[in-house]
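Me: I am new to this structure and would like a close look at a single part of it. Could you walk me through the place where the two protein chains meet?

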There are 2 protein chains.
Amino acid sequence: MDQVEIFKALSNKSRLQILNWLKEPETNFPDQAVHGYANGVCVGQIQIKAGLTQSTVSEYLSTLQRAGLVKSSRVGQWTYYQRNEEGFALLNQIIQSEI
Amino acid sequence: MDQVEIFKALSNKSRLQILNWLKEPETNFPDQAVHGYANGVCVGQIQIKAGLTQSTVSEYLSTLQRAGLVKSSRVGQWTYYQRNEEGFALLNQIIQSEI
DNA sequence: AAGATATATCGACTTTTTCCGATATGCCAA
DNA sequence: TTGGCATATCGGAAAAAGTCGATATATCTT
């Protein structure tokens, strides 16, 4: 994974918020309870909370996924996103040893 | 310090390289030896190594300084830059607890 | 005081990012 | 199989970042 790509993904207020919200999905996305939290939170919930358009949020989640910071799983018509802690481990490693 | 500003500063290959080079100034900037390494490395040395114009390097160093990742000290006609480890400590903290 | 050197700032142009609305795709239910 | 959701992708306008050459500023030397 490219270091610059990771930092670019983190260079946006809304994307940082999304990552932070996904640390505690139950707290930050109560309406997701209907679907459960096992696979993460669906795009629509994130969109509402972020206050951006659907297309923008979808795009942002793709950006975060390309950077390895979240992972997704499709279940029916929903796509659930959750943090990818491996990506954060890599980020820590980059900061410790490559910067 | 603003989180987004820090990550933007890190979202550039050349700036990442500069930060990395400044981890071992003696190794990466041997010609700096004449001036010593106590206050860091002067802009000209960094410019040569980076292969960018003087104005670009000066701008990049300002960007890194605004983000708190380097600090500078003027000595005569030279400005020396060195890593600001406090900034990196803050970065670690941000990643651990705010993202 | 004048010229040389190091760095910073300015103005301009190009590329990238941000964010949107519109449209396409995939999946479900009747 | 048609209509309705959820999500993804496309195309574009505006803002920001990347990068340069030219110029300004500060300092040193003579």
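This is a predicted model: local features need pLDDT of at least 70, side-chain atom pairs count only at pLDDT 80 or more; totals for chains, interfaces and linings use all residues.

How many residues does the contact take from chain A and from chain B?

Reply: The contact draws on 21 residues from chain A and 21 residues from chain B. Between them, the two chains bury about 1,700 Å², and 63% of that area is on carbon and sulfur atoms. As for charged pairings, the count between chain A and chain B is 0 salt bridges. Polar contact does occur, though: 13 residue pairs across the interface of chain A and chain B are in polar contact, with both residues at pLDDT 80 or more.

Let's turn to the side of chain A that touches chain B. The elements of chain A that give two or more residues to this side are α1 (3–9), α2 (13–21) and α6 (85–97). Of these, α6(A) provides the largest share, with 6 residues. Sorted by class, this side of chain A has 9 nonpolar, 7 polar and 5 charged residues.

Both chains also meet DNA strand D, which is worth a glance. From chain B, an N or O atom in the side chain of Lys8(B) is 3.0 Å from a phosphate oxygen of DNA strand D, and a polar side-chain atom of Arg15(B) lies 3.1 Å from a phosphate oxygen of DNA strand D.

Technical notes
Residues are numbered from 1 along each chain as its sequence is written. Chains are lettered from A and ligands numbered from 1 in the order in which they are written. Side-chain values use heavy atoms; hydrogens and water are left out. Contact means heavy atoms within 4.5 Å. Buried area is the accessible area (1.4 Å probe) that two parts lose on being put together, summed over both. A salt bridge is a side-chain nitrogen of Lys or Arg within 4 Å of a carboxyl oxygen of Asp or Glu. A polar contact is a pair of N or O atoms within 3.5 Å; within protein, one must be able to donate a hydrogen and the other to accept it, and residues adjacent in sequence count only if both atoms are side-chain atoms. Helices (H or I, at least four residues) and strands (E, at least two) are DSSP runs, numbered from the N terminus. Ala, Val, Leu, Ile, Met, Phe, Trp, Tyr, Cys and Pro count as nonpolar, Asp, Glu, Lys and Arg as charged, and the others, Gly among them, as polar.
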